[in-house]
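Me: I am new to this structure and would like to understand the terms used for it. Could you take me through them with care?

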Amino acid sequence: MLYYFAGTFVPVFSCSSDAWTADMVTKVMAYFHAREVKFTLLSLQTSIQSYLKNLLYQPRQLLSAFQQLDQQQFQTAMKYLFNSRKDYLEMGNVILDWEKTRERIFQIPGVNRTLFLITLERCFLTLRAMDCVDILSQVLRMSAVSYLQPDVIGSLPNDLQEDAFRNLSTVFKDLYDKTSANTQKALYGWMKEILQKPYNRSDFNESASWVSAENLWILGRYMVHLPLEEILKINLSEIRLFISYDNATKQLDTVYDITPELAQAFLERINSSGFDVRNTSTVYRLGLLVCFYDDMEQMDAAVARALLHQMIKCNQLKGFQAKVQKLKSQLLNIAMQNQTLNDTLGSLSDAVVGLTSGQLESLSPEAVHNAIATLNQVSGWAKSQVMILSSKYLSYEKVLSFYNVSQMGALVTGISTESFYRMNPKELSQVIRGTTSQYSSDLSPAQQQGILRKIASSTDFSSLVTDIQGAFFREISLSDLWKENGYNSSMMKEKELRSSQALYLYELLSKKSSSVDLLSTGQLLKGVTCQLIESMGTDSFLNHFKVFENNLHLLSPYQINCLAWKFWEVSNASIPPFFFLVLPTEYLEYISGPLCVPFIESLGKTEVDLLSPSFHKKETVLQKVQECLNGSITDEYDVDLLGNLICHLPPAFLHARMSLKATATALHQFKLCRQLSHEQKTEIKYKLLELYGSPKNWTAETTLDVGPFIAQLSKGELNVLAEKFPDIILRIAKTIGPPSSAEELLSTVFESVFNATASMEPHLTTPDCLGTRAPSSDEIIKLAEANVYWSAQELKCMDAGTFDKNVELLGAVSGFNNSQLMALKEKAKQVWGSPLGWKSYHIVSLGHIALALTENEIEELDLHSIDTVSVLSQQAEWTLAQARSILRSFLEDSGQTMSTLKSFDLVGLGAILCALNSTEIMSIRTAEFSAAVARIGLLLCSTPVLKQFKKITESVFGTATSWNGSVLQEIGTIAGGLNEDELKAFDKSLMPYFQPIAIRSIPAEIFQNAYQRKSKDLRSGSTEGTLFLFTLYSDLSFLLCLLTSAEMLSQLQISLLT
């Protein structure tokens, strides 16, 4: 780039690879003066910097600039870009901050693509191949690897020297998971072409395979793209050489996308090469190939155990888990021949996950204790299994201590809340600080609360604050924090804070700590108020702004709005463009011409939804973006520039204004979008059909690349894909979001799995199941959410063993209707007997099926444990009568009353608390309520219940009219219980601290009446008067429904839209 700039002055001097000299600068100055152009050294430096900046924002022009450089200039440019150790470039008296310039170069969208393309086009012709490989490696590792499209792979050199080829192949192997399936296939083709060259000579046997041991090592993970026939041709001596080296095991451990057919072909060649795959030493060399082992005849129990030990890796496979589970089950039976489960438990690896609750219940405590070193490494446990094994282990240990808890691994989540609460508090403190802390996020809120309350009740509170790290700290109540004031900023590091905690702590600590210390803790940013932002001096604000910018995800929309206005006030010329999403729409008039690219770049790197712009404002900003793009997305450079913004473009624009050239690159970005609308997905589907043609002609790789967007295809198109690639369709279906968005796909998956096993004889159990083919374990595992398409009759006819083994999977299906749930509940009663005899783990395993329980059946359950109730409370569809039955059973079975409940009981009851009556609510102890109030404030209860919760909240925080911002944040929906007079009494400055879910909980008529006075402030143009509305704009549709006054509605819309 520097040399391209220098080329302007060719009449004055010629470029060389040496640095500029003072003499050169003098000649440049003379050049301008001769033409009567006033120029100083400062203006020359500014011009160079401005030129470079503008060039970087025009990556297509930059590509052209690189293409025009001569060989020597190109070498020098690449040297400065990729190998320079200099922090500054001195061009006579002109000095450039080269370190910052290089950093900026690699941050700008499109520049990396240009560097990648020019490296492919010119580097290998100009520089040493090894240097070019190093440059490609740097560029690719700094990018999203979306540049590696199949058409670009064709530009890779195919005549590299061996060392350069090996190094470049290593780069591609490292980036394997980041590339698309079509790109992986294309890269395999490129590697194959080079590796085949020595075998293309006339003196080589045509039937000989080019796949040598060395070539397999070079291919690495790309070996999964070898055709089946090619694998079967591999010379046995080569396969023997390959498998004999330890590196082969590491390589085979990473072939996550290998298919059963290819794996079995490799196993056959390995076995034929002289390595006996029944030998345990060979088994340990097979990596993920063991997941598809198929030689089961007369297998020795020791080999079965060795295979099971290796198969703990199989959960990393991208699919085929039903096959893996079936194989594990077969090996489990062999491994246990002539032995009891108690004897073999420690040698079964993660196959124990396939054991039923009945089998686990039959284990002795001693067996579980002896096998804990194996069990604590296993993942994929169901909640009910964890409960059984934890109970067995702890019944052997007798006393719960730090040591035995630390041995449990993931099983720690099965320890009951009461057991945690009975632990020695010092040992409990060690537990949450030790290795068990990695599982703290898997503990239920009730368990976390129980741990915290026990520690808090027996230790100095400042010690508690110091000791508790991470997400655990969020469970400390605001009222508990009020008890101490001896905090310092260093205590807050490595802690997650709720907004209410941060607001209180920031205000408290700001009296004795500098803003630098407070802001550096990260999470305390949540507590920075608008008043504080507004009071910051210009220098202080600009110096600290980077901290805010890097932590937008921690800030509320209100805080971001305040930052935007502050920045506009102190430095509107350099305001970050993403702030235009929250500033009034008329400010977008400032964006035009050269400001367009920085504007789009900034927005594209920002999570737009974090800024929560109103619908109208977002629409206006997107119109400006389209205007800046000249009304179209023409190519991959535009996609690079858009970044995350592409997720928000309107469907009509995607339909008419996105070129096919851009679509291929955009697909990668679309798959990263969190929430595309149905209309957007539909337009993307049409673009993909235009790009790839009819699904009839799609390859496996194209189907994988289209991924979740296949859910938009018609039933006929899906049937075609399901017939061609059933395993791929199954794999994609398990990644799809809510079932309602993929009904056609799920029904296609169901039909595909159902028809594949249609020849199976129906399992006849009772006369009323004649002719009914009930689901098998294999089918249930494959179908996941698609199990919703079994009829109630088919579910009713399920084999008892199949139900017992898969109840947790069936309970996780969210789309079952009432008749299906009833059938599954009756099956549970048939298998387990009357609900009177159900254990906690039975109840927990039911999931959604529990919703079919009647009030009488609920009252028959043993609900003495808050952990069982905690799982039930996660279901959102309980009727009031069912919820009352759960509450009544819990109180009776645990021997408690509302007045004896502890904070962890309240947290565990969760949504069941919404079924409380006023007497029950007022019976709750204030101290316990205050510890749980933040969790209770997440519940969407009825207005009468919220009113009662508000009353008890006043006994904790004082009268409602005295509440500050941190209290409003703490209590959440409980603020929905405020009456009209209380709402009117709140100062306008507190309005932004009402949580949006609290606003939705306020009855419409109360909100409308309380709002009347606020509207006067709006009409007066007061900024403060709009703060309440700013908090609410994400609920615009709610507000428009309840505000009937035309004047108020008009004023509200004006406020929100600007």
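Reply: The secondary structure of the protein comes to 65 helices and two strands, where helices (H or I, at least four residues) and strands (E, at least two) are DSSP runs numbered from the N terminus. This is a predicted model, in which local features need pLDDT of at least 70, side-chain atom pairs count only at pLDDT 80 or more, and totals for chains, interfaces and linings use all residues. Residues are numbered from 1 along each chain as its sequence is written, and side-chain values use heavy atoms, with hydrogens and water left out.

Me: What makes helix 27 oblique to helix 28?

Reply: The axes of helix 27 (residues 425-433) and helix 28 (residues 445-457) come within 9 Å and cross at roughly 130°. Axes are lines fitted to C-alpha atoms, for helices over the stretch in contact, and angles run from 0 to 180 degrees between N-to-C directions. Angles under 35 degrees count as roughly parallel, over 145 as roughly antiparallel, 65 to 115 as roughly perpendicular and the rest as oblique, and so helix 27 is oblique to helix 28.

Me: How do you know how confident the predictor is in each residue?

Reply: That is given by pLDDT, the predictor's confidence in each residue, from 0 to 100; the mean for the protein is 87, and 90% of its residues reach 70 or more. Over residues 1015-1058, however, the pLDDT is below 50, and it also stays under 50 over residues 1-19. Where pLDDT is low, the predicted coordinates should not be read in detail.

Me: What share of the residues counts as buried?

Reply: Of the 1058 residues of the protein, 55% count as buried, a term for under 20% relative accessible area, with exposed over 50% and partly exposed in between (1.4 Å probe, protein chains only).

Note on methods: Contact means heavy atoms within 4.5 Å.
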